[in-house]
Structures are given as C-alpha cells and as structure tokens.
Amino acid sequence: MIPLNVNRRGLNAIVVTLLFVIIVLVAIAILFVALRENVKEGTEKVDLADACLKIALSAQSCDYQIWGSEAQRTAYASVVLERTAGQGELVDILFQFTMDDGKVVMVRQTENVEFPARLLKENERLLYEFNLTSVPISIRAAAIVGSNELVCQLLGHASECLPVV
C-alpha cells in the first residue's frame, strides 16, 4: 500500500506555486492600471513642452501715452509682438508688464476685451493694445499652448516701454 500523504505533499507545492503566480499577475495588472494614467499625462506634458520650445514670441517695441489726471491716470500701451518660425498650437498669449510703481501686471490676450486682437501666426508681427492703470516700463510675452493651456516660460529679454513723443 502507498500512503496517501505522499501525493498530498506534491499537490500542496503545485497549489502554492499557482497561488504565487496568480498573486504576481494581479499585482502586475494593478501596477499597469495605476501607472498607465501617469505615463499618459507625462507624455502629454512632454508634447506641450515641445510646443513651447517651437513657439518663440518676442516684444519688438512698446510705447505708451498717459491719459487723465495724476490721481486717475490711464496708460494706453501699444506692443508690437513677433512670432518667429515654429509650429505649435498657440491658444493665447500672456503679456507681463513691469510697472513704474514696481508691480507686475499679467494680461492674457483673450481677456483684453477693450482691444481684442487675433493670435499670431508663424513669422508674423502684430500690434496689441492695452489700457493700464500704471505706466509700463517693460514688457515680456509668453505663449500659452494646448487644450490644458500650459503657460510657456517668459524667454528672452524684456523690451523697454517708452513714452510717445
């Protein structure tokens, strides 16, 4: 007679091995689902960062006129902005004005309702106009790209704003 305990011992080793394989496969599936979204978001950010590198904006000139009294003055600013060659979906432009009172004012072109203007195409210059509550001393511009509206870095030097004479 063959004892029944010998077969059970071999069967236990197979069951343990199968359970271990199943646990490992479930863990891999959980990691895949968790990491897939992060990898997808990461690749989208890389694509947007690539678009930022391709779109180059620079303020070519900035001048202003002051209207009103000293207590309620308004500065009417005109900025000529240039977009050099480089493909990319430009969805908006962020203008950064440094003012004579030390404040920094950010204006998005799509929010500039007093002077609406279209966005720049490749190799184009456009005039953008603004009503400001302080006198601008310099201007910089940054592209806003993609459906997530990623604001690219403000690259290059600031252009000095000069009074109209």
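A salt bridge is counted where a side-chain nitrogen of Lys or Arg lies within 4 Å of a carboxyl oxygen of Asp or Glu. By this rule, the predicted model holds five salt bridges. Three of them are described here, including Arg73–Asp100.

In that pair, the side chains of Arg73 and Asp100 meet at 3.0 Å, N to O. Arg73 has a relative accessibility of 23% and counts as partly exposed. Asp100, at 39%, is also partly exposed.

Arg108 takes part in a salt bridge with Asp92, with the closest N and O atoms 2.9 Å apart. Asp92 belongs to strand β3 and Arg108 to strand β4, so the pair ties together parts 16 residues apart in sequence. Asp92 is buried, because its relative accessible area of 1% falls under the 20% limit.

Arg108 also bridges to Glu149, where the closest N and O atoms are 2.7 Å apart. Glu149 lies in the loop between β6 (136-145) and β7 (150-151), so this pair ties strand β4 to a part of the chain 41 residues away in sequence. Glu149 is partly exposed, with a relative accessible area of 41%. Through shared partners, salt bridges join Asp92, Arg108 and Glu149 into one network.

Conventions:
Residues are numbered from 1 along each chain as its sequence is written. This is a predicted model: local features need pLDDT of at least 70, side-chain atom pairs count only at pLDDT 80 or more; totals for chains, interfaces and linings use all residues. Side-chain values use heavy atoms; hydrogens and water are left out. Buried means under 20% relative accessible area, exposed over 50%, partly exposed in between (1.4 Å probe, protein chains only). Helices (H or I, at least four residues) and strands (E, at least two) are DSSP runs, numbered from the N terminus.
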